[in-house]
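Keep the coordinates open as you read.

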Amino acid sequence: MIHTCKANASVVKSGTNSGRIQLTSVIVLLLGCALMTKADIQTTIGYHKEGEETLSFTFAKVPPPSRNDAATTAKFSLLSGEPAGDNTSLDKLHDGILPQQADEPMQNFFFASGTAGGRIQVDLGASKKIKQVNTYSWHPTTRGPQVYQLFASAGTADGFISHPDKGVALEQCGWTRIARVDTRSSRPDGSAQCGVSIADTAGVIGNYRYLLFDIAPTESNDDFGNTFYSEIDVVELNAPVLPALTGGVPPIVIHSSDGYCEVTIDSTKEPALSDWAAQKLAPAIVEWYPKIVAMMSSEGFIAPKNFSIVLRPGDGVAYTSGNRIVANSVWLGGELKGEAIGAIIHEVVHVVQQYDGGRNNGHNPPAWLIEGIPDYIRFFKYEPQSHGADLVWLQGRKKMPLNYDGMYRISANFLDYVVTHYDPAQTLITKVNTACRLGDYTDGLWQELTGKSLSELNTEWKAAAN
Ligand SMILES: [Ca+2]
Ligand SMILES: [Zn+2]
């Protein structure tokens, strides 16, 4: 009985009509013996050739990727192999977010050019009844197909090695081979988008805690044989399945640390920056918005209770229009460890300035303060350690002509000089900002606040800076 069961099931060819008819009859047979034995592993493959790919990775017989399968919260570890690209995180494989186009290195995991693949281990945290393991890839020509072996383990056998070294024979350290996948064999003319679903005619592949993907390149004729893997799903028996997110990353909504302001960070036009936006930019905004509001308070002023930051390809660095900051994601991408966050902090100060009322009320605030105050807050409060506008910075630029209205960093340096020498109470910036906002700023304000005229302060500052 057991033998019959296995023999019949192994005849089933996935993805063909005749296979389905046979499968139906096999299931009838299986009902009698499913409790007694494990049936056979079925590997089902879905393909789309170039130009026919779908954003949702929809295939005729392979389920679409999911954002709440057991892999979502699993721990992924790279056991061997050299990952490629600027973002080598394995998170991309189980974040439930799909690439938007056929060649998107930031949303795919792949091994370095010219290397022979590698091994990825997945720890589900506890043994689970695994119904399917599904893998998805997308890239034209030789980086679209999938070639790998899937191993699994409950992790309980004597001599089990959870993180085997490169080259270790897995079946000798507690791992069971579940499937050999090679999508090339049934699609020799190639495919750009692939979905592979590994399942078992018995209903579950097994009760496993660990999975191991031993991934090979699709060819070695040139350096571009390592597959762009988009998502790996591990579907538990009877678990609800939500589809993965297509068309990029949705905007994230955060709140300032005091709960006062809601901020939307929209990187839908640059999904590659979404991790940075969530992990680096968002915490800086959460912490610094209330501080900026405090430095720029004025009687009766209600700071914006919401604003948005849009990261998208564009020109220059960034600009602010009302409650909307638009930052050039191309520039940001090259400055993630440099100026990126500071530049956006500068724009957040513009959001809080709200000088429009002042313009209608008499005296236009001067441009050197409109730009100097944001750079003062950025370089002397937010990131003094960057030395982006202080004496260290100035001394590297000896020949630069100095005047208080030199804009940006120069004006910021002037403001710092005046604050340091004439403003022990640290209220000067707030008072200058208030005057700009109310439309009653004149250069006479400096005499009032410091006892010296603007031109006297300017002369003094220049002498001290040189
Ligand atoms: Ca997933
Ligand atoms: Zn500015």
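We begin with an open sheet of 5 strands, ordered 9-10-11-13-12 with mixed pairing; strands and helices here are DSSP runs numbered from the N terminus (E, at least two residues, for strands; H or I, at least four, for helices), and two strands pair if DSSP finds at least two bridges between them. Strand 9 and strand 12 (318–321) stand at the edges with a single partner strand each, so one side of each has no neighbour in the sheet. On average, neighbouring strands of this sheet are turned by 20° against each other, direction ignored; axes are lines fitted to C-alpha atoms, for helices over the stretch in contact, and angles run from 0 to 180 degrees between N-to-C directions.

A word on conventions: this is a predicted model, in which local features need pLDDT of at least 70 and side-chain atom pairs count only at pLDDT 80 or more, while totals for chains, interfaces and linings use all residues. Residues are numbered from 1 along each chain as its sequence is written, and chains are lettered from A and ligands numbered from 1 in the order in which they are written.

Inside the sheet, strand 11 and strand 13 (residues 324–328) pair in the parallel sense over 5 bridges. In strand 13, Val-326 is the bridge partner of Val-310. Helix 3 packs on this sheet, touching strand 9, strand 10 and strand 11, and its direction makes about 30° with that of strand 9; contact means C-beta atoms, placed from the backbone, within 7 Å. Helix 5 lies across strand 11, strand 12 and strand 13, at about 15° to strand 12.

Look along helix 3 (residues 274–295) next. A kink of about 40° lies at Leu-281, shortly before the proline Pro-283; the bend is the angle between axes fitted to the seven residues ending there and the seven starting there. Its buried residues include Leu-281, Ile-285, Trp-288, Tyr-289 and Ile-292, where buried means 20 or more other C-beta atoms within 10 Å of the residue's own (12 or fewer is exposed, in between partly exposed).

Where does Val-348 make its contacts? Not counting residues up to four places away in sequence, Val-348 touches Ile-285, Trp-288, Tyr-289 and Ile-292.

Finally, Pro-374 sits in helix 7 (residues 367–382). Pro-374 counts as buried because it has 26 C-beta neighbours inside 10 Å.

How values were computed
Contact = placed C-beta atoms within 7 Å.
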